[in-house]
Amino acid sequence: MTRIFLLIALSSMLLQSCRKADRLTQFNVQYTSTATISSSATVSVPFVVITPDVETNSEATFAVNDTRKDKIQEIQLTSLNIQITNPQSQDFNFLKEVEIFINADGLSEILLASKYNLQNTNTQYLELDVSENDFQEYIKKEEFTLRVRTVTDEALLNDVDIEINSDFWVNAKLIGKA
């Protein structure tokens, strides 16, 4: 009977040790970009904005977390929000829908996040619905760009500057682990 308890205790400790190692290989990375929705955007017609390149600093980020590009198993987008930074009095009531796509050198553009059928949001902050794609090939690159596609349901009197904040969850193997 004592052997059975000993075996159960050892198995439990081994399982906890494996779980702890798994947690050490998971971390988040955040990126911020900006875009401007032009006052010349036509109502009910899609308007597209390309953001400046976003540097990933992936090599350094992975190294700080004891891993490398070749050890990445998956990268998922956990949240993406947009926030109006200018003009201060503007809210997202003008917005009917928004889609944000990610693109990187040598890769096809794919949907990152979106929000549809927006009505009277009365807010300067929107949390978008994230795509369930694996974004590891994009984040492994030195840089990526975002394409913001909006449809407005009212005319804008001024350009609207937005900040795009994304949070990615990285699952990787530790350096030296098989």
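This is a predicted model: local features need pLDDT of at least 70, side-chain atom pairs count only at pLDDT 80 or more; totals for chains, interfaces and linings use all residues.
P87 is found in the loop between strand 4 and strand 5, the latter covering residues 95-103; helices (H or I, at least four residues) and strands (E, at least two) are DSSP runs, numbered from the N terminus. The peptide bond that joins N86 and P87 is cis, with omega at about -5°. Residues are numbered from 1 along each chain as its sequence is written, and side-chain values use heavy atoms, with hydrogens and water left out.

N86 also leads us to strand 10. E163 and N86 are 77 residues apart in sequence, yet 9.6 Å apart in space, C-alpha to C-alpha. E163 lies in strand 10, which spans residues 160-172. With a relative accessible area of 27%, E163 is partly exposed; buried means under 20% relative accessible area, exposed over 50%, and partly exposed in between, with a 1.4 Å probe and protein chains only.

Which residues does E163 contact, leaving aside its neighbours within four places in sequence? They are T32, S33, N81, I82, Q83 and T85, where contact means heavy atoms within 4.5 Å. T32 belongs to strand 1, residues 26-37. T32 counts as partly exposed, because its relative accessibility is 48%. T32 and L80 are 48 residues apart in sequence, and their C-alpha atoms are 9.7 Å apart in space.

Further along strand 10 we reach N171. Is N171 buried or exposed? At 12% relative accessibility, N171 counts as buried. Not counting residues up to four places away in sequence, N171 touches T25, Q26, I72, Q73 and E74.

The protein has 3 helices and 10 strands, and from the N terminus on, the elements run α-β-β-β-α-β-β-β-β-β-α-β-β. Of its 178 residues, 40% count as buried. Among contacts with a separation of 6 or more, 80% are accounted for by residues 24 or more positions apart. The accessible surface comes to about 10200 Å², of which 49% belongs to carbon and sulfur atoms; accessible areas come from the Shrake-Rupley method with a 1.4 Å probe, and for residues, only the protein chains shown count as cover.

I turn to charge. Side chains of opposite charge can pair when their charged atoms come close. How many salt bridges does the structure hold? There are 7 salt bridges, a salt bridge being a side-chain nitrogen of Lys or Arg within 4 Å of a carboxyl oxygen of Asp or Glu.

One of them pairs E59 with K69, the closest N and O atoms being 3.3 Å apart. E59 lies in helix 2 (residues 58-64) and K69 in the loop between helix 2 and strand 4 (72-86), so the pair ties together parts that are 10 residues apart in sequence. K69 is partly exposed, with a relative accessible area of 24%.

In another salt bridge, D70 pairs with R68, with 2.9 Å between the closest N and O atoms. D70 counts as exposed at 54% relative accessibility, and R68 is partly exposed at 36%.

E137 forms a salt bridge with K140, at 3.6 Å between the closest N and O atoms. Here E137 is partly exposed, with a relative accessible area of 40%, whereas K140 counts as buried at 16%. Salt bridges that share partners also join E97, E99 and R149 into one network.

A patch of negative charge on the surface gathers D53, E55, D105, E142 and E143. Patches are made of residues with over 30% relative accessible area and no salt bridge: like charges are joined within 9 Å, nonpolar side chains (Val, Leu, Ile, Met, Phe, Trp, Tyr) within 5 Å. Lys and Arg count as positive and Asp and Glu as negative, with His and the chain ends not counted; the place of a charge is taken as NZ of Lys, CZ of Arg, CG of Asp or CD of Glu.

Finally, I come to backbone angles. N120 is not a glycine, although its phi is positive, at about 45°. N120 lies in the loop between strand 6 (110-115) and strand 7 (125-127) and counts as exposed at 62% relative accessibility.
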